[in-house]
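Me: I would like to go through the side-chain packing of this model. Could you take my questions one at a time?

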Amino acid sequence: MPPEIRCDVRSCGVTLPLLLGLLLAAVPAPAQTIHEFAHSYGVVVGVHSYTSKQFSDLPYGRTDAEAMMSYLKSQGFEVTPLFDSQATKHSIVDTMIQLSRRLQPDDRVVFYFSGHGTIERVGDESWGYIIPYGARDEADYISNAEIQDLSRRMKTARHQLFIFDSCFSGQMITRNGGVSPDRPDYIVELMKRAARAGFAAGGKNQSVLDSGPNGQSLFTSALLRGLGGCKADLNGDGFITFSELATYVTTLAANAYQTPAEGVFPGDEGGQFVFRSPCGSTAPASVPASLPTIVVKRGEANSVAEAKELLRGSRFVEAVPLLRQGAASGDVAAMAQLGDLYLMGWGVTRDYTQARQQYERGAALGDTDAMTRSEERRVGKECRSR
């Protein structure tokens, strides 16, 4: 049976996204004094049953939300659940408004929605919507503009994270910038600055899959594997930054239907939502700041090993020529590391084409990680209409 799609009858168009690999080399955070949050709040919305014939029931809509609620509670969040008949537009908006009145500067908020989404196109403009319980037409939907209004109402909170597991949810957010990971106080700076982040299961014009592994949607399953299973802590420093989470989830959840999209809302100052990894720090001891200057020597056998040491010290610019040398000599590890740097724009100008080429070269030479990632992206090719 073709996979379930989280969209309405008006559109089921999809595109084949550019899929990129996992980030293997990131920044190990040095010992830092973390500015913790006073309160962590979550509003978790999940809709399984819809009352309008326009929207079919979603088998995993509520189970996704329940799993997310369990994770947030394990992280110390005070969670307000809104499931099925509780998840009307009025209830969702009122809950967010009431929460906004409680927030203090050292608080943070996660809003999670699992359900249908839709898009309306008028001329060259588009409006995105999430579909609450009981919705029958646009007046009952929650638009991207209304979500941004709710974010502004909660501007007192230092960090906000909006997660949408619904069709066309990329319409809810805009692209973002960020803090350079070259900074030695990277995690401190991410947590200190205001963050208004959004993470969507698919792009502005994409349908998304409902049926995925573990009794969850494809997107939420990857999200919870990354957070609860510590897999999104790509550098093993004990923290899962939003950029690490997005990189991990995108690799697993991107397919012929959807490419998860990350972005921001007005008021973002380059901070990032940061979760603590349940596994704690798993990184090796950080390299001392007094690393000797590395000189690139033609044909040097250990150039890739030296490049990895530089990467652990966040010295990306110095590592790039060593990785290029290793990649040119056929070292698949160097190809993967170089692809990661092009993917993130660390030490080089961000270039997705170069990143893809490096990953594909490694896969062609037998890199098992690249081949495994290719397998994980395979999904059904038919779009279910209703």
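Me: How many aromatic pairs does the structure hold?
Reply: This predicted model holds twelve aromatic pairs.

Me: What is the geometry of the pair formed by phenylalanine 111 and phenylalanine 162?
Reply: The rings of phenylalanine 111 and phenylalanine 162 are tilted, with 5.7 Å centre to centre and 45° between the planes. Phenylalanine 111 belongs to strand 3 and phenylalanine 162 to strand 7, so the pair ties together parts that are 51 residues apart in sequence.

Me: Are phenylalanine 111 and phenylalanine 162 buried or exposed?
Reply: Both phenylalanine 111 and phenylalanine 162 are buried.

Me: Which residues do ring pairs link into a cluster?
Reply: The cluster consists of Tyr50, Phe55, Tyr129 and Tyr141, linked by ring pairs.

Me: Turning to the largest nonpolar core, which residues touch the most other members?
Reply: Leu72, Leu223, Val249 and Phe275 do, within a core of 40 residues. Elements giving two or more residues to this core include helix 1 (61-74), strand 3 (107-114), strand 7 (159-165) and helix 6 (242-253).

Me: Which helix gives the most to this core?
Reply: Helix 6 gives the most, contributing seven residues.

Me: And what is valine 249 in contact with, leaving aside its neighbours within four places in sequence?
Reply: Valine 249 is then in contact with Phe199, Phe219, Ala222, Leu223, Ala254 and Pro260.

Me: What does the second, separate core include?
Reply: That second core has 30 residues, among them Tyr41, Val43, Leu103 and Leu150.

Conventions:
Residues numbered from 1 in each chain as written. Predicted model: local features only at pLDDT ≥ 70, side-chain atom pairs only at ≥ 80, totals over all residues. Heavy atoms only, no water. Core = buried A, V, L, I, M, F, W, Y, C linked by side-chain atoms within 4.5 Å. Buried < 20%, exposed > 50% of the residue type's maximum accessible area, 1.4 Å probe, protein only. Helix = DSSP H or I, 4+ residues; strand = E, 2+ residues; numbered from the N terminus. Contact = heavy atoms within 4.5 Å. Phe/Tyr/Trp six-rings, centres within 6.5 Å; stacked < 30°, edge-to-face > 60°.
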